[in-house]
Amino acid sequence: MPRIEPLTPPYTANVDRALRRWMPPGVPHEPLALFRVLHRNPELASRMFALGAGLLGHGLLPAADREIVIARVTARSACAYEWGVHAATLAPQAGLGPEQLRATTQPDAAVRAPWSPRHTALLHAVDELIDTTQLTQSAWDALRMHYEEAQLLELLVLIGWYRTISYLANGLLLEEEPWGTPFPTR
């Protein structure tokens, strides 16, 4: 049971409008539990929406790269909730297959699937930042081979953002969405 219960319908008109903004058009699911909990503090939810929507809908990183980073950050953060949401929706849309998604949950993710050099650099960067909160020069140089400065800034924010989302979902004890991809067991 979540530590803070998600809002349930009927929503106020303002919350209903806000939740519809958070969900892509035509999605057959109820708004995510995470969104419905955040709307217990509408001002915070509004501030978070701007960054989250910007990273997902208007980012400079290729969609597959973004989803590899999100999968690895949420897997390393033991956030089955957010990993499952992305594995069920945005990761497949970005072209990631089940083998690649499973690989992001393994300790040696960079060698668990046939990753490109660019994707291997991403996985190493995520792991270094999670393990040490810093990047070695070799990790930075590997990223610089594939990304421009604006993309590198976005990448660092993306990693931090999904670490924050993982803290939020884990701290709230959010249960996985019923339609989400189950987090692989080891």
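Is Val85 buried or exposed, going by relative accessibility? At 6% relative accessibility, Val85 counts as buried, where buried means under 20% relative accessible area, exposed means over 50%, and partly exposed is in between (1.4 Å probe, protein chains only). The model behind these values is predicted, so local features need pLDDT of at least 70 and side-chain atom pairs count only at pLDDT 80 or more, while totals for chains, interfaces and linings use all residues. Residues are numbered from 1 along each chain as its sequence is written, and side-chain values use heavy atoms, with hydrogens and water left out.

Val85 sits in helix H5, residues 80–88; helices here are DSSP runs (H or I, at least four residues; strands are E, at least two), numbered from the N terminus. Leaving aside residues up to four places away in sequence, Val85 touches Leu32, Leu90, Glu177 and Trp179, with contact taken as heavy atoms within 4.5 Å. Leu174 is 89 residues from Val85 in sequence, and their C-alpha atoms are 12 Å apart in space. H5 as a whole is mostly covered, with eight of its nine residues buried. These are Ala80, Tyr81, Glu82, Trp83, Gly84, Val85, His86 and Ala87. The buried residues of H5 pack against H2 (33–38), H3 (42–57), H4 (63–76), H6 (90–93), H7 and H11.

Thr105 belongs to the loop between H7 (98–103) and H8 (109–112). With 2% relative accessibility, Thr105 counts as buried. Its side chain makes a polar contact of 3.3 Å with that of Gln106. Such a contact is a pair of N or O atoms within 3.5 Å; within protein, one must be able to donate a hydrogen and the other to accept it, and residues adjacent in sequence count only if both atoms are side-chain atoms.

Next come the helix pairs. Two packed helices are described by the angle between their axes and the distance between the axes. The axes of H9 (residues 117–132) and H11 (residues 149–172) come within 11 Å and cross at roughly 55°; axes are lines fitted to C-alpha atoms, for helices over the stretch in contact, with angles running from 0 to 180 degrees between N-to-C directions. That makes H9 oblique to H11, since angles under 35 degrees count as roughly parallel, over 145 as roughly antiparallel, 65 to 115 as roughly perpendicular and the rest as oblique. On the H9 side the contact uses Leu122, Val126, Leu129 and Ile130, and on the H11 side Leu155, Leu156, Ile159 and Arg163. Sorted by class, the H9–H11 contact has seven nonpolar, no polar and one charged residues (nonpolar: Ala, Val, Leu, Ile, Met, Phe, Trp, Tyr, Cys and Pro; charged: Asp, Glu, Lys and Arg; polar: the others, Gly among them).

H9 also packs on H10, at an angle of about 145° and with the axes 9 Å apart. Here Ala121, Leu122, Ala125 and Glu128 of H9 meet Ala139, Ala142 and Leu143 of H10. That contact divides into six nonpolar, no polar and one charged residues.

H10 and H11 pack at about 125°, with their axes 10 Å apart, which makes H10 oblique to H11. Trp140, Leu143 and Arg144 of H10 make the contact with Glu149, Leu152, Leu155 and Leu156 of H11. Arg144, in H10 (residues 137–144), is partly exposed, with a relative accessible area of 40%.
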